[in-house]
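Look at the sequence and the structure below.

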Amino acid sequence: MSAPGSAAAGALDVLAGRRQSLAVAESLTGGLVAGALTAVPGASRVVRGAVTAYATDVKRDVLGVDGALLAARGAVDGEVARQMARGVRRVLGADWGIATTGVAGPEPQDGQPVGTVYVAVQGPDGAGAVRRLALAGDRERIRRDTVQAVLELLLSELTENERAQDTEQHGGNGCLQP
């Protein structure tokens, strides 16, 4: 794994180059993702803001996560993470949204063991991904590893999206045509 700062800086560079913006929805990380992003000089060119949706009703009422989904599965769920990322894009008017939800401990939550985490990225035109993580360690380590994972997922989605756009624009092989 790369350092959170390098993943954050890489993602912000790609977004700035595209003149696109980013919004963050956090649950178990409680602001750490936004902190890692805004620690990068020049982040204000890209970062629109963040919502710390620690309580389930905030996920529902502010981010627009489906209440029936939350009632049926709880907040620790891949689709919840996807809807959080989508919702923060809408609420903050950003091109890309990222989200974290999970169990940092010390106790299980919603029937999920400590270390169960979902991270999500949602971008324009349906771009996006959700990852389930099974993290080990204490609360601090789980939160730190979650920050790293969501920033790496964002960078991966951005660079994959960039390669797909290049392929589409330049003949299908990802290389510039003469």
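## Salt bridges

In this predicted model, there are five salt bridges. Side chains of opposite charge can pair when their charged atoms come close. Asp77 is buried, at 11% relative accessible area, whereas Arg73 is partly exposed, at 47%.

## Pairs within helices

Helix H5 (residues 78-92) contains both Glu79 and Arg82, which are three residues apart, or about one turn of the helix. These two residues form a salt bridge, with 3.1 Å between the closest N and O atoms. Glu79 is partly exposed, with a relative accessibility of 26%, and Arg82 is also partly exposed, with a relative accessible area of 26%.

In helix H6 (residues 139-169), Glu140 and Arg144 are separated by about one helical turn because they lie four residues apart. Their side chains meet in a salt bridge, at 3.7 Å from N to O. Glu140 is exposed, with a relative accessible area of 56%, while Arg144 is partly exposed, at 41%.

## Thr116 in strand E4

Thr116 belongs to strand E4, which covers residues 116-122. Is Thr116 buried or exposed? Its relative accessibility is 3%, so Thr116 counts as buried, the cut-off being under 20%.

A polar atom of the Thr116 side chain lies 3.0 Å from the backbone oxygen of Pro113. Leaving aside residues up to four places away in sequence, Thr116 touches Val76, Gly102, Val103, Arg132 and Leu133.

Note on methods
Residues numbered from 1 in each chain as written. Predicted model: local features only at pLDDT ≥ 70, side-chain atom pairs only at ≥ 80, totals over all residues. Heavy atoms only, no water. Helix = DSSP H or I, 4+ residues; strand = E, 2+ residues; numbered from the N terminus. Buried < 20%, exposed > 50% of the residue type's maximum accessible area, 1.4 Å probe, protein only. Polar contact = N/O pair within 3.5 Å; in protein donor to acceptor, adjacent residues only side chain to side chain. Contact = heavy atoms within 4.5 Å. Salt bridge = Lys/Arg side-chain N within 4 Å of Asp/Glu carboxyl O.
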